[in-house]
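Morning, everyone. I will take one structure today and go through it from the overall picture down to a few residue pairs.

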Amino acid sequence: MTNPAVEASPPSSQRYFALIPAAGVGARMGASSPKQYLQIGGKPMLRHTLDAFRSSPLIAHTYVVVGAGDPYIDALVPPSGVTVLRCGGATRMESIRNGLRALHGSIALDDWILVHDAARPGLDAELIERLIVETGEHPAGGLLALPVVDTVKRSSAGEVATVARDGLWLAQTPQMFRYQLLLRALDAAVSSSAGPAAITDDASAVEALGLAPKLVEGHPRNLKVTLPADIRIAEMYLAAYRTDPNNETN
């Protein structure tokens, strides 16, 4: 079924590119290989992500950023629609900045970049379309996110307090920004007095410029696989979606 929120079409003059930082080692997973290459539902986690962008007619091309000596990527990258950039850095932000610089001259300054975590295998073409259409021409870009529905507690120095959840969202990816804006925001974050550690995602770098990206409701199946238990949860979402291909993402 078509989600009413994405019945409109993006402007035909716009171009959208996916950028996937995949140079991390996934230390918290405790696996023998980086987590993006672990099997989920019969194929590597990263391949799920690549296939999601390749399935979207709105994405002009997909770029994946890996470390210079990555021994795994060649075995899983599809034969078309994806380019490997071997310029990954020590941090996610560094990998994204290196990837953006590698693309300089290949894409226009006002083209859109959709940055997506390699460890979110639950993305699909409908969520990509929703983000693109609902973000529209928003000057600060947009990102998928989920409104907080659980009661939130804060613990500090042995004290526990309930935090009002009104207006609280959990950020997901993709996070979508104009090429020039995203690169400017990440460069500014590096030289900021707060330091790169203050930037926890791409949107926070854009927010540090005084801008407010648009929040577009995502879906729980687009969870980030961080701990071993998350693999089973991701597999359950993927299996449910395969069983019911008409399953809505809202």
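First, the ground rules. This is a predicted model, in which local features need pLDDT of at least 70 and side-chain atom pairs count only at pLDDT 80 or more, while totals for chains, interfaces and linings use all residues. Residues are numbered from 1 along each chain as its sequence is written, and side-chain values use heavy atoms, with hydrogens and water left out.

The chain contains seven helices and eleven strands; these are DSSP runs numbered from the N terminus, with helices being H or I of at least four residues and strands E of at least two. Of its 250 residues, 48% are buried. Buried here means under 20% relative accessible area, exposed means over 50%, and partly exposed is in between, with a 1.4 Å probe and protein chains only. A contact is heavy atoms within 4.5 Å. Among contacts in the chain with a separation of 6 or more, 71% are between residues 24 or more positions apart.

Now the strands. Strands count as paired if DSSP finds at least two bridges between them. S1 and S4 run parallel and are joined by six bridges. S4 is also parallel to S5, with four bridges between them. Val64 in S4 stands opposite Ile20, and Val64 also stands opposite Val84 in S5. How many of the seven residues of S4 are buried? Six are, so S4 is largely enclosed by the rest of the structure.

On to the aromatic pairs. Rings of Phe, Tyr and Trp (its six-membered ring) pair if their centres lie within 6.5 Å; planes under 30 degrees apart are stacked, over 60 edge-to-face, and the rest tilted. Searching the whole structure gives two such pairs. One is Phe17 with Tyr63, a tilted pair at 6.3 Å centre to centre and 40° between the planes. Phe17 is in strand S1 and Tyr63 in strand S4, so this pair ties together parts 46 residues apart in sequence. Phe17 and Tyr63 are both buried.

Tyr37 and Tyr72 are also a tilted pair, at 5.0 Å centre to centre and 35° between the planes. Here the link is between distant parts of the chain, 35 residues apart: Tyr37 sits in the loop between S1 and strand S2, and Tyr72 in the loop between S4 and helix H2. Tyr37 counts as buried because its relative accessibility is 8%, whereas Tyr72, at 34%, counts as partly exposed.

Next, helix H3, residues 92-102. Its buried residues are Met93, Ser95, Ile96, Arg97, Gly99 and Leu100. What do they pack against? Their partners are strands S1, S4, S5 and S6, together with helices H5 and H6. In H6 we find Ser204, which is buried at a relative accessible area of 13%. Leaving aside residues up to four places away in sequence, Ser204 touches Ala198 and Ile199.

Last, the surface. The chain has an accessible surface of about 12,000 Å², and carbon and sulfur atoms hold 53% of that. Areas come from the Shrake-Rupley method with a 1.4 Å probe, and for residues only the protein chains shown count as cover. Ile233 lies in helix H7, residues 228-243, and is partly exposed, with a relative accessible area of 33%.

That is the tour; I will take questions.
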